[in-house]
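This note takes up several points on the structure shown below.

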Amino acid sequence: MLPGERPVDGAARAAGLDPDPGQSWVPICGGSRALCREYGLVLEAAALPYDLFEEGGTCTLWTPASQAVLVRAELARYAAEGPRAAAPAPQPPFGGAAAGAIGYGFTLLLVAYCAGIGLFGVDWLDAGAIDADSGMRHEWWRAITSLTLHLGPEHLFGNLLFGIGAGVLLSRQLGAGVAWLSILGAGAFANLVELAIAPVAYRAAGASTAVFAALGMLTGHAWRLRTGARERWLYRAAPLGAGVALLALLGAGTKHVDVLGHVLGFLAGLGLGSFYALIGMPRSRRRRVQAASGAIAAAAIAIAWILALRSAGA
């Protein structure tokens, strides 16, 4: 084979990456067949031309001389990323997602009914909504009760629809009990922050903060699982970009929309989902763990409403 020539009928021509067969080609690297094929896939993903030639048990990767600088830079970037992280073992989805969704829907509808009839002679919205008045900032239970209140049927059914969708997806990843307890915790934390930083006249209610916390958890969990993978940065950042796009699309609106709560809920969920992925959640698939987590979530809501109603004079 003459200098500048490279074997014919190779990978580049088969892939349609050799528009000018007469151009000068140069060898880039040699080694095992597996290594050359791996580097070939890297170049193919970057739309850079290459060819492979195997002789005497040694494989050589070739590229057009005009592209050699770009090819070497791409392979150097690939090598600099370090060893490929082991892909996490695929986990079968958890069952019980439907039960968690039913519990969520039942809770919102029950509170809506009680608030609608003014049970115990109490204005439930006044008793349980986020209210940044200086005399109510210490009423921590509002961080939970406000997640179960809504301003009307449209508000309620919107949060039922999106909440069930996000909750089911998260339940299949973490289990229904852990998922809904985590959603409640992230949403309540976001509301506590909102109580602390919102202006005095600020009032808000609705499960949307928890819904965006669930979206943030899905985003953070998927994003963190990809950060160790040897893939192009766009692939690794795709879950984060999708989550932020959904936040911008669904989380903003008219002056009556609690944009601050949506953003805080998403950020709280993003952090919690990333943490779960980092520590390898879920660690246990036992039903007792899921049942106990679900019971804690239900008890937290019940206790919060007892405190809210007593504070309102019920």
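1. Phe120 and its loop. The model discussed here is a predicted one. Phe120 belongs to the loop that joins helix H4 (97–117) and helix H5 (124–128). Phe120 is exposed, because its relative accessible area is 58%, and a value over 50% counts as exposed. The backbone of Phe120 also deserves attention: its phi is positive, about 65°, although the residue is not a glycine. Most residues other than glycine have a negative phi.

2. Ala47 is not a glycine either, yet its phi is positive, at about 60°. Ala47 sits in the loop between H2 and E2. Is Ala47 buried or exposed? With a relative accessible area of 58%, Ala47 is exposed.

3. The chain as a whole. The secondary structure consists of 12 helices and five strands. The chain has 314 residues, and 42% of them count as buried. Among contacts in the chain with a separation of 6 or more, 75% are between residues 24 or more positions apart.

4. The three-stranded sheet. In what order do the strands of the open sheet lie? The order is E1-E3-E2, with antiparallel pairing. Strand E1 (25–31) and strand E2 (51–55) are the edge strands, each pairing on one side only. From one strand to the next, the twist averages 30°.

5. Pairing within the sheet. Six bridges link E1 to strand E3 (residues 58–64) in the antiparallel sense. Val26 stands opposite Thr63 of E3, and Gly31 has Cys59 of E3 as its bridge partner. E2 and E3 also run antiparallel and are joined by five bridges. Leu52 is opposite Leu61 in E3.

6. Helix H3 (residues 68–80) lies across E1 and E3, and runs at about 25° to E1. Strand E3 is largely enclosed by the rest of the structure, because six of its seven residues are buried.

7. Ala132, a buried loop residue. Ala132 is located in the loop between strand E4 (130–131) and H6. Ala132 counts as buried because its relative accessibility is 0%, and the cut-off for buried is under 20%. Which residues does Ala132 touch, not counting those up to four places away in sequence? They are Arg137, Leu195, Ala198, Pro199, Val200 and Tyr202. Ala132 and Val200 are 68 residues apart in sequence, while their C-alpha atoms are 4.9 Å apart in space.

8. Ile144 has its place in helix H6 (residues 142–145). Ile144 counts as buried, because its relative accessibility is 12%. Not counting residues up to four places away in sequence, Ile144 touches Leu184, Ala188, Ala300, Ile301 and Ala304. Ala300 is 156 residues from Ile144 along the chain, and their C-alpha atoms are separated by 7.9 Å.

9. Asn159 in helix H7. Asn159 is part of helix H7 (residues 153–174). Asn159 is buried, with a relative accessible area of 7%. Leaving aside neighbours within four places in sequence, the contacts of Asn159 are Tyr104, His150, Ile164, Gly206, Ala207, Ser208 and Val211.

10. The cavity. How many cavities of 30 Å³ or more are counted? The count comes to one. The largest cavity has a volume of about 40 Å³. Its lining is made up of Ile130, Ser146, Asn191, Glu194, Ala204, Ala205, Gly206, Ser208, Thr209 and Asp258. Helix H8 (176–197) and helix H9 (208–226) are the elements that give two or more residues to this lining.

Definitions and conventions: Residues numbered from 1 in each chain as written. Predicted model: local features only at pLDDT ≥ 70, side-chain atom pairs only at ≥ 80, totals over all residues. Heavy atoms only, no water. 1 Å grid on protein atoms, 1.4 Å probe; cavity = no way out; pocket = protein on both sides within 12 Å on 5 of 7 lines; lining within 4 Å. Points joined across faces, edges and corners; volume = space filled by probe spheres on them. Helix = DSSP H or I, 4+ residues; strand = E, 2+ residues; numbered from the N terminus. Pairing = 2+ DSSP bridges. Axes fitted to C-alpha atoms, helices over the stretch in contact; angles between N-to-C directions. Contact = heavy atoms within 4.5 Å. Buried < 20%, exposed > 50% of the residue type's maximum accessible area, 1.4 Å probe, protein only.
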